[in-house]
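Hi there,

Here is the structure I promised to pass on, with my notes on it below.

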Amino acid sequence: MAEWEIWAVIVVLALSTAITRSGFWLIGHRVTLPPRVQDMLRYAPACALAAIIAPDLVLGSGGQVHLGLSNPKLLAGIAALGFYVWRKNMLQTIVFGMLVFTLLRILHVFGASA
Amino acid sequence: MNAPDPVSHSAAVVERHDPALWREGLRTGVPSLFGIGAWGLVVGIAMVKTGLTALQATGMTLLVFAGSAQLASLPLILAHAPIWVIFATALVVNLRFVIFSALLAPHFTHLPWRQRLLYGYIAGDLTVAMFLQRFPTAAPVPGKLSYLKGLVFPNWAAWQIGSLTGIFLGSAIPTEWGLGFAGTLAILCITVPLVVNRPALCGVLVAGPVAVLANGFPYKLGLLAAVFAGMLAAMTAESILEKRKARHG
């Protein structure tokens, strides 16, 4: 991306923060969301975040689907998910997931060279 | 001349600074600051690892101040997605804030619009939750704003310190360590609490695979397609569960 495009992205991201976080503060007392829309809103963020995580865990650099034991990101991601459900602590989960990921990565390096 | 405006005058009385409540807000927020800083660190590292310059990453953290939306935008920037797709994605990722701000905003309708814009902007998910535990109803209570300030300003500072540390430390860390992956793990951690019920689980289980299968869509539209597929799945699951409940209940 060109320099100016990155800055344009930063500006629209700032705009999205302002709209979602401050919108209700500015005009909220004048609107009420229909219940159906509120229901949709409830599920959208989880779906969006899952849609961001899944390709990073599963796709290789060339865009090919990579399921199985030789994919360190997928295994580390699953391990981290289990760890978070158990401990409910983001910081510990990130450290744990990175440890698993790094270990698998190094082991795979050894495996490839052996 | 200069007759006192009755509305702003009463607001000033309600929102006179209350040091005790400010300190209480600070004390409530302190335990979370380390985690916020660490998450900021991860996002800071991820931004420079994506190829943003230190200046761009600093601009992003200071202006955007929304970690999950920032992390979501990074792969889209790498893939040269159109700006409107990045905007739409950020809106969707940030939608949870609409609900949080809808809960918090009624407490502060009397403030001038600039302050409402500011406090809305810097009230993230954690601080909103902590504020609502202390003040569950929107009834006007003196010192509410002081309590909110005690929560949000340290929270903002912890995030920015962590993020800036990540930006300037991140470039010193070798790429093959894969620290950008920490960003994905952070998103994983915010996703889990959002899976509040079985319909939400259905949505997530549909959105993930659809995002993988639709990865080759032009303009990165696969992501938005996955969100829609996931939402439809969640709504369908919800109505099926409700019908079943009505039949057996």
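Let me begin with chain A, where the domain assignment gives domain 1 (1-32) and domain 2 (38-111). The C-alpha centres of domain 1 of chain A and domain 2 of chain A are 28 Å apart. Please keep in mind throughout that this is a predicted model.

An unreviewed UniProt entry places the feature "transmembrane region" at residues 6-28, 40-59 and 93-111 of chain A. I looked at two of these spans in the model. Residues 6-28 of chain A are 96% helix and 0% strand, with 31 Å between the end C-alpha atoms. For residues 40-59 of chain A, the figures are 95% helix and 0% strand, and the end C-alpha atoms lie 28 Å apart.

One residue of chain A has a backbone angle to look at. A:Lys88 is not a glycine, yet its phi is positive, at about 55°. You will find A:Lys88 in the loop between helix H3 (72-87) and helix H4 (90-113) of chain A. Is A:Lys88 buried or exposed? A:Lys88 is exposed, because its relative accessible area is 57%, and the cut-off for exposed is over 50%.

Now to chain B. Chain B has 11 helices and zero strands, and its pattern along the sequence reads α-α-α-α-α-α-α-α-α-α-α. Along the principal axes, the C-alpha atoms of chain B fill a box of roughly 65 × 60 × 40 Å. Chain B has 249 residues, and 51% of them count as buried. Among the contacts in chain B with a separation of 6 or more, 79% come from residues 24 or more positions apart.

As for the surface, chain B has an accessible area of about 11600 Å², and carbon and sulfur atoms make up 71% of it. The charged side chains of chain B are 16 positive and 8 negative, with 5 Å between the centres of the two sets.

For chain B, the unreviewed UniProt entry places the feature "transmembrane region" at residues 29-48, 60-78, 84-105, 117-136, 156-173, 185-207 and 219-241. Residues 185-207 of chain B are 87% helix and 0% strand, and their end C-alpha atoms lie 17 Å apart. Residues 219-241 of chain B are 91% helix and 0% strand, and there the end C-alpha atoms are 35 Å apart.

Chain B is also divided into domains, namely domain 1 (19-181) and domain 2 (195-248). The contact between them takes nine residues from domain 1 of chain B and six residues from domain 2 of chain B. The C-alpha centres of these two domains of chain B lie 27 Å apart.

- B:Phe65 has a positive phi, near 50°, although it is a residue other than glycine. B:Phe65 is in the loop between helix H3 (54-64) and helix H4 (67-78) of chain B. With a relative accessible area of 6%, B:Phe65 is buried, as the cut-off for buried is under 20%.
- B:Asn155 belongs to helix H8 (residues 144-170) of chain B and counts as buried, at 5% relative accessibility. Beyond residues up to four places away in sequence, B:Asn155 touches B:Leu33, B:Ile36, B:Phe65 and B:Thr127.
- B:Leu221 is part of helix H11 (residues 221-248) of chain B and counts as partly exposed, at 26% relative accessibility. Neighbours within four places in sequence aside, B:Leu221 is in contact with B:Trp84 and B:Val85. B:Glu242 is 21 residues from B:Leu221 along the chain, and their C-alpha atoms are separated by 32 Å.

That leaves a residue that links to the other chain. Which residues does B:Phe87 contact, leaving aside its neighbours within four places in sequence? They are A:Val12, A:Leu15, A:Ser16 and A:Ile19. B:Phe87 lies in helix H5 (residues 83-104) of chain B and counts as partly exposed, at 22% relative accessibility.

Best wishes

How values were computed: Residues are numbered from 1 along each chain as its sequence is written. Chains are lettered from A and ligands numbered from 1 in the order in which they are written. This is a predicted model: local features need pLDDT of at least 70, side-chain atom pairs count only at pLDDT 80 or more; totals for chains, interfaces and linings use all residues. Side-chain values use heavy atoms; hydrogens and water are left out. Helices (H or I, at least four residues) and strands (E, at least two) are DSSP runs, numbered from the N terminus. Buried means under 20% relative accessible area, exposed over 50%, partly exposed in between (1.4 Å probe, protein chains only). Contact means heavy atoms within 4.5 Å. Accessible areas come from the Shrake-Rupley method with a 1.4 Å probe; for residues, only the protein chains shown count as cover. Lys and Arg count as positive and Asp and Glu as negative; His and the chain ends are not counted. The place of a charge is taken as NZ of Lys, CZ of Arg, CG of Asp or CD of Glu. UniProt positions are given in the numbering used here, feature names are shortened, and annotations may be inferred rather than shown by experiment. Domain bounds come from an automatic or database domain assignment.
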